[in-house]
Every structure is written in structure tokens, then in C-alpha cells.
Amino acid sequence: MIKTSQAVASAVLVSTGLLLTGLSGGTALADSEPSVTAAEGNRPQITIVGEGTVSTTPDIMRLDTGVEVRRPTAGAAFTAARVAAADLTRALLAAGVAQRDLRTDELTLGPEYKEYPTISGYRATQGVEAIVRDIDDADDVVEAAAAVGEAVRLNGISFEVSDNRAPLRLARDAAFRDAQSRATQYARLAGRGLGRVMEISEQNVTPPTPILGFAAAVDRASISPGRRNVSVSVKVVYELE
């Protein structure tokens, strides 16, 4: 489900030495410092920055998991980590994660000290990132990873939107409507009519950003992606009639 909302935008009324109705001394209506430009045909212009925001639901989960083992020797630790990582990979594949959506993102091996420089053993880790493309499978995937054994580590999850083009289009629509609505209001307050669009430029795009966190799989459907906002701001310059 996608819904749109419009945020507050700033407006700057620009004149080229002409006094507009309702303005004294050529002062511009503005939320910030006014500016003056040479408008085409010596006609005043109004510049509006509109903002549109769309709420959308993430459809991808990234699971940051892996294994960690400790053994008396470096070779034993490394071998044990590799075996545990292979078990974890098989469990994730069985839970529905595609082979192409698994990635090794960490591999470490190092000594641990009881009291430096006395080595008490060796620690080895191997990290695995799994992309879950069906949020409905998220709980099953986490449970499958946790069931592998005590060597498994669940480090966190993040949620993403696989294709943000549709919400971005809606956010742009909302941003332009916001700019047009405010420009119309300011033109009316100045006693002028709103003319043609002279310039349009996209100012800022805020795509959906991942939310980091972790939810333990205790009950069914315990993992929820929530919702993310996509925001766009656009600057529109109108001619005043």
C-alpha cells in the first residue's frame, strides 16, 4: 500500500523592481531572505520549493548472520568455522534463500590471550549475508539459521525496497502539487494571477533507507518491516500575471 502526503515548502516571491499589490517598498513574501532576479520581459516571478512524501512497505530483508568458534589451535578453529558456515549455508538454502542471495562478508582467524603473551586458544569467524526476497519467509529463515547450533551468530537485519521507482514518481507528483498550491496562494495574496512555469528543478531525493535492528523469532510473524518514507523536493519558478 502506498499513500502520499505533502510537507511544508518554502516560498520566495521575486520581483524585478515592480511593486506588487499588498507589498510595501517591493518587499518579497518569503520564509527566508528575499532575492531579486531579472525576470523575462520584466515580469515578476515567484519561486516555490515543494515537497512530497510517499510511505511504502519494504519488500526485502537482509539478514546479517555467521558463525564463531574457538579451538585450541588455529587450524582447528579455522576448520570448525568453515564446517559451521557450510551447515549454516545449507540451512539458509533449505529455508528458501536463493544461492545468488548468499554472500560471505567476513572471514577472520586470530589468537585469544589468557594473559598476554600467553595464547589460550584461537577464534575463527565467517560471516554470511542472506537476502530474503519474500518478507513472509523472514521468520522461517531466521529460525533456520538459529537452529544450526551454538556457533551461529545473528547480528542484525535491515529492510529495503527493491524498486523505488513507483513511490518516487508519486512523491514527485505530490511535490509538484504542493509547489503549485503554495504558488497559487502567494500569488493571490500578492494580488496577482499565477502564470506559466518558467523553471523546474529537482532539489533533493530521499530514497527509502534501511532500518537496522534485530527481532528474535519467538512467535510466528515476529519480524515486521514497518514502513519507509520516500521524499522528493522540487523547485518551481512561476511567472506572475
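Leaving out residues up to four places away in sequence, Leu92 touches Leu63, Thr65, Val97, Leu102, Val128, Ala130, Val141 and Ala145. A second, separate core of 11 residues includes Ile46, Ile48, Ala179 and Leu240. These contacts, like everything that follows, are read from a predicted model.

The protein chain has 3 helices and 9 strands, and from the N terminus on its elements run β-β-β-β-α-β-β-α-β-α-β-β. Of its 241 residues, 39% are buried. Among contacts between residues at least 6 apart in sequence, 79% join residues at least 24 apart. The accessible surface of the chain comes to about 12900 Å², and carbon and sulfur atoms account for 49% of that surface.

Leu92 itself belongs to the buried set of helix H1, which also contains Ala77, Ala80, Ala81, Ala84, Ala85, Leu88 and Ala91. These residues cover an arc of only 135 degrees around the axis, which puts them on the same side of H1. An α-helix has 3.6 residues a turn, so residues three or four places apart point the same way. On the other side of H1, Arg90 and Ala94 are exposed. The helix takes in residues 74-94, 21 residues in total, and reaches 30 Å from its first C-alpha to its last, close to the 30 Å expected at 1.5 Å a residue. Just after H1, Gly96 takes a positive phi of about 110 degrees.

What does the buried side of H1 pack against? The partners of its buried residues are strand E4 (60-71), strand E5 (102-115), strand E6 (118-132), helix H2 (138-146) and strand E7 (152-160). In the largest nonpolar core, which has 27 residues, those that touch the most other members are Met61, Leu63, Val67, Leu88, Leu92, Val97 and Ile223. The elements that give two or more residues to this core are E4, H1, E6, H2 and E7, and H1 gives the most, with 7 residues.

Asp101 is found in the loop between H1 and E5, and because its relative accessibility is 6%, it counts as buried. Asp101 touches Glu129, Ala130, Ile131 and Arg133, not counting residues up to four places away in sequence, and its side chain is joined to that of Arg133 by a polar contact of 2.9 Å.

With a relative accessibility of 30%, Arg123 counts as partly exposed. Leaving aside neighbours within four places in sequence, Arg123 is in contact with Glu68, Val69, Arg70, Thr108, Leu109, Gly110 and Glu112, and a polar contact of 2.7 Å joins its side chain to that of Glu68. Arg123 and Pro72 are 51 residues apart in sequence, yet their C-alpha atoms lie 8.9 Å apart in space. The loop between E5 and E6 holds Pro117, and the peptide bond from Tyr116 to Pro117 is cis, with omega near 10 degrees.

Buried in H3 are Pro167, Leu168, Ala171, Ala174, Ala175, Asp178, Ala179, Ala183, Tyr186 and Ala187. Just after H3, Gly191 takes a positive phi of about 75 degrees.

Ala166 is found in H3, which covers residues 165-189, and with a relative accessible area of 32% Ala166 is partly exposed. Although Ala166 and Val54 are 112 residues apart in sequence, they are 9.8 Å apart in space from C-alpha to C-alpha. Thr53 is found in strand E3, which takes in residues 45-56. Is Thr53 buried or exposed? Thr53 has a relative accessible area of 12% and is therefore buried, and its side chain is joined to that of Ser231 by a polar contact of 3.2 Å.

Terms used. Residues are numbered from 1 along each chain as its sequence is written. This is a predicted model: local features need pLDDT of at least 70, side-chain atom pairs count only at pLDDT 80 or more; totals for chains, interfaces and linings use all residues. Side-chain values use heavy atoms; hydrogens and water are left out. Helices (H or I, at least four residues) and strands (E, at least two) are DSSP runs, numbered from the N terminus. Buried means under 20% relative accessible area, exposed over 50%, partly exposed in between (1.4 Å probe, protein chains only). A polar contact is a pair of N or O atoms within 3.5 Å; within protein, one must be able to donate a hydrogen and the other to accept it, and residues adjacent in sequence count only if both atoms are side-chain atoms. The expected span of a helix is 1.5 Å times one less than its number of residues. The arc is that of the directions from the helix axis to the C-beta atoms. Contact means heavy atoms within 4.5 Å. A nonpolar core is a set of buried Ala, Val, Leu, Ile, Met, Phe, Trp, Tyr and Cys residues joined through side-chain atoms within 4.5 Å. Accessible areas come from the Shrake-Rupley method with a 1.4 Å probe; for residues, only the protein chains shown count as cover.
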